[in-house]
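Please read the following report alongside the sequence and the coordinates.

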Amino acid sequence: MKKLKVGEMFAGVGGFRLGLENTENRMFEITWANQWEPSRRVQHAYDCYTHNFKTGIHSNQDITQVTNHELASTNVDMIVGGFPCQDYSVARSLSGELGIQGKKGVLFWEIARYIQNVAPKYILLENVDRLLKSPASQRGRDFAVMLSTLNELGYDIEWRVINAADYGNAQKRRRVFIFGYRKENHYAQSITKKSAEDIVFKEGFFAKAFPVTDEVYKDRIGTVTLSHDIVEISDNFSYTFHPSGFMRNGEIYTVHTVPQYEKPVTLGEILEEAVDDQYYLSDEKVEKFKYLRGAKKIERITKDGHKYTFSEGGMSETDALDSPARTMLTSESSINRSTHLIKDSKGYRTLTPVEAERLNGFPDNWTDTMAGKMRFFCMGNALVVPLITRMGNEIENIEMQYPDETTQLNLF
Ligand SMILES: C[S@@+](CC[C@H](N)C(=O)[O-])C[C@H]1O[C@@H](n2cnc3c(N)ncnc32)[C@H](O)[C@@H]1O
């Protein structure tokens, strides 16, 4: 079977690769991966990646420094990557009416540059769900800039916010996934004969991989058309995108869908049996956790002397073992309100690195190339691997149905 060559951006410890390498037909071959942790001498994630994956080119360079020539020479069929939510505003560049300029250091532009250089058949991206609403002062602007850019680059786009726990996983981790395919592909031609509604609810990429009910949550449904002028979007666009959507030629349909829930794995089910003493907490630390997790009202004073009351509600004293875990953050190794607190027969403890890996569906000890703190950090950054396998399986279905053209056009 013909392989699909994949370029993995912001590869971290390889969640996308691991997921894609577990698909039914083993169609994906990750031939180029880039991972660079800014301002760190030791490259923990990259070292872990190269330890676990032996084939392909592994690049440990700031992506902004990777040349167009190197990107083009990867010649991949698909680009994947999980990238930060940043400020995607653009301005007209001083050099002329046609040029536009995004903010420096914004990594989405690196994805756009890679797409421009290889014109892959497919793109699959991941981000925090906040992307759909950012920035707070102009809701939806950043996502609209992104959609508009991908539209101009020649892609139809589907997106969906997926909570991993809704589809059988052990963690409530809500992320937006963005799938794009070239407009001239046979798949695109065929899918867009269907209505946007059919695509989102039944026939599209996400509907097939992550089925939803026929229901529209709280009547949240809408359409919007993007201007062709990206600066106009950046300056004026504001709209509330819903968790599911489809875009073709700047015409957007978006709706709040309801998952066909699958029984999740619980936190209790992924816990290790014999846990080392180092993960158990002293009474003092337990008290600190209790305080952090408790309800509180605190008087605070702003820099300019304004008094206000900071308040937050209480959380359960420890994490429930009979439901999926909460979202794991990069701060999981610190004493923090968001850090998981487990109570078992030996006492109170935090998660172990292996449990953190299990919550994301990584094999045990995937990250044991690095010290404990970094293992939690990398898992806080990573994605829930089985979700990617499901998406990979669906891409394989598309490929088998439309084993068409290679669409690699060299745009430079
Ligand atoms: C959200 S994480 C992606 C995690 C990955 N999907 C995984 O499963 O581990 C983003 C990654 O981008 C990397 N990164 C940040 N800035 C970068 C840059 N300028 N060039 C290359 N990689 C960068 C970070 O080190 C981090 O590992």
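Which residues are the closest to the ligand, and how many surround it?

**Ligand shell**

In this predicted model, 18 residues surround the ligand, and the closest are Val13, Gln35, Trp36, Glu37 and Asp62, where a residue counts as near if one of its heavy atoms lies within 4 Å. By class, this shell holds 9 nonpolar, 7 polar and 2 charged residues, with Gly placed among the polar ones.

**Polar contacts and burial**

For polar contacts (pairs of N or O atoms within 3.5 Å), a polar side-chain atom of Glu37 lies 2.5 Å from an oxygen atom of the ligand, while a nitrogen atom of the ligand is 2.9 Å from a side-chain N or O atom of Asp62. The protein buries 90% of the 600 Å² that the ligand exposes when taken alone, as computed by the Shrake-Rupley method with a 1.4 Å probe.

**Confidence and conventions**

The mean pLDDT (the predictor's confidence in each residue, from 0 to 100) is 93 for the protein, and 96% of its residues reach 70 or more.

Residues are numbered from 1 along each chain as its sequence is written. Local features need pLDDT of at least 70 and side-chain atom pairs 80 or more, whereas totals for chains, interfaces and linings use all residues, and side-chain values use heavy atoms, without hydrogens and water.

How values were computed
Polar contact = N/O pair within 3.5 Å; in protein donor to acceptor, adjacent residues only side chain to side chain.
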